[in-house]
Amino acid sequence: MKLTVVILTKNEELHIKRALSSVAGIADKCFVIDSGSTDRTVELARLAGAEVLENPWVNYATQFNWALNQLPSDTGWVLRLDADEVVTEELADEVLSELPNMRPDTVGIYVSRRMHFLGRRIRWGGLFPVRVLRLFKHGFGRCENRWMDEHVMVDGATADFDGEIVDDNLNSLTWWTEKHNAYASREVVDLLNLQYAFMPSETVADLRGGQQAGVKRWIKENIYFRLPGGFRAFAYFFYRYILRLGFLDGREGAAFHVLQGFWYRYLVDAKFFEVRKYMKNNDVDAGTAIERVLGIDVR
């Protein structure tokens, strides 16, 4: 069963060699899709044996789906991997031993994903491991059409592996906060679209399927987003840090839970308020306000 790994990059020289090394024993081909790196990302990827394609960036879903369309017709299975992630030896062994024996009707496989923050593994807060669909048969899966928090959707039966992918970003907190500032803007686009439906979208939200990603998305769209803005960010942080014992993750964990569980969520709410206020004060539609306030062209 041929396995192709797809990694999207921009200025990932800190991570790309590590990511490619983690799949060297299981991947028949690795495709790195770059969107204008100015560091040594492309050079290092090619030295590691990856095929590098270049394409302008719009958002993750658009870029990943473009990459799928570039893969050879004989591609079997696809593994979606971020540049700052690594496949553990346990997952690699599982891929080698179990993937060839999958039932013919199985088109997607869920794995566990964990995160390290400031070099420390995040164990508390009710977040990890999170189950994500990262392995799928070529032609049966694609990224849902969203600007943020996108998941792979498949048409067919799925299976589960026990192995893990670990997210271990080596960049500074300054880089992290700048990136999450951009993430917040992209999430506001999806939140506004949920309310105003100004562009086509897809969602994995589903309580009936029992998959973690679908249940979490349903809760987010149908419960969390209905709570008052600002308050919901504090409530979510309290749930993670106090009720789910996030404080046991130490100083690194405190930084993670405060920044990702409160600051980021509050920033999304504040930007959402800002765009809606601009719409009202200037009598413009959501798409126009998003472009003028957030600098994102959704049309």
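Helix 7 is followed by Leu 245, whose phi is positive, near 65°; helices here (H or I, at least four residues) and strands (E, at least two) are DSSP runs, numbered from the N terminus. The model is a predicted one, in which local features need pLDDT of at least 70 and side-chain atom pairs count only at pLDDT 80 or more, while totals for chains, interfaces and linings use all residues. Residues are numbered from 1 along each chain as its sequence is written, and side-chain values use heavy atoms, with hydrogens and water left out.

Helix 7 covers residues 231-243, and helix 6 covers residues 212-222. The table lists their buried residues, where buried means under 20% relative accessible area, exposed over 50%, and partly exposed in between (1.4 Å probe, protein chains only).

| Helix | Buried residues |
|---|---|
| Helix 7 (231-243) | Arg 232, Ala 233, Phe 237, Arg 240, Tyr 241 |
| Helix 6 (212-222) | Ala 213, Gly 214, Arg 217, Lys 220, Glu 221 |

Seen down the axis of helix 7, its buried residues fall within an arc of 150°, so they line one face of the helix; the arc is that of the directions from the helix axis to the C-beta atoms. For helix 6, the buried residues fall within an arc of 130° when seen down the axis, so they too line one face of their helix. What covers the buried residues of helix 7, by contact (heavy atoms within 4.5 Å), includes helix 5 (173-196) and helix 8 (250-282). The cover of the buried residues of helix 6 includes strand 8 (130-137), together with helix 5 and helix 8.

**The cavity**

The structure holds one cavity of 30 Å³ or more, a cavity being a set of points on a 1 Å grid over the protein atoms alone where a 1.4 Å probe fits but cannot get out, with lining residues having an atom within 4 Å of a point. The largest cavity has a volume of about 30 Å³, and its lining is made up of Ile 26, Leu 79, Val 87, Leu 91, Val 95, Val 111, Leu 135 and Ile 165. By class, that lining has eight nonpolar, no polar and no charged residues.

**The cysteines**

The structure holds zero disulfides, a disulfide being a pair of cysteine sulfur atoms within 2.5 Å. The sulfur of Cys 30 is 18 Å from the closest cysteine sulfur, in Cys 143, which is too far for a bond. Cys 30 counts as buried at 15% relative accessibility, and Cys 143 is also buried, with a relative accessible area of 1%.

Notes:
1 Å grid on protein atoms, 1.4 Å probe; cavity = no way out; pocket = protein on both sides within 12 Å on 5 of 7 lines; lining within 4 Å. Points joined across faces, edges and corners; volume = space filled by probe spheres on them. Nonpolar A, V, L, I, M, F, W, Y, C, P; charged D, E, K, R; others polar.
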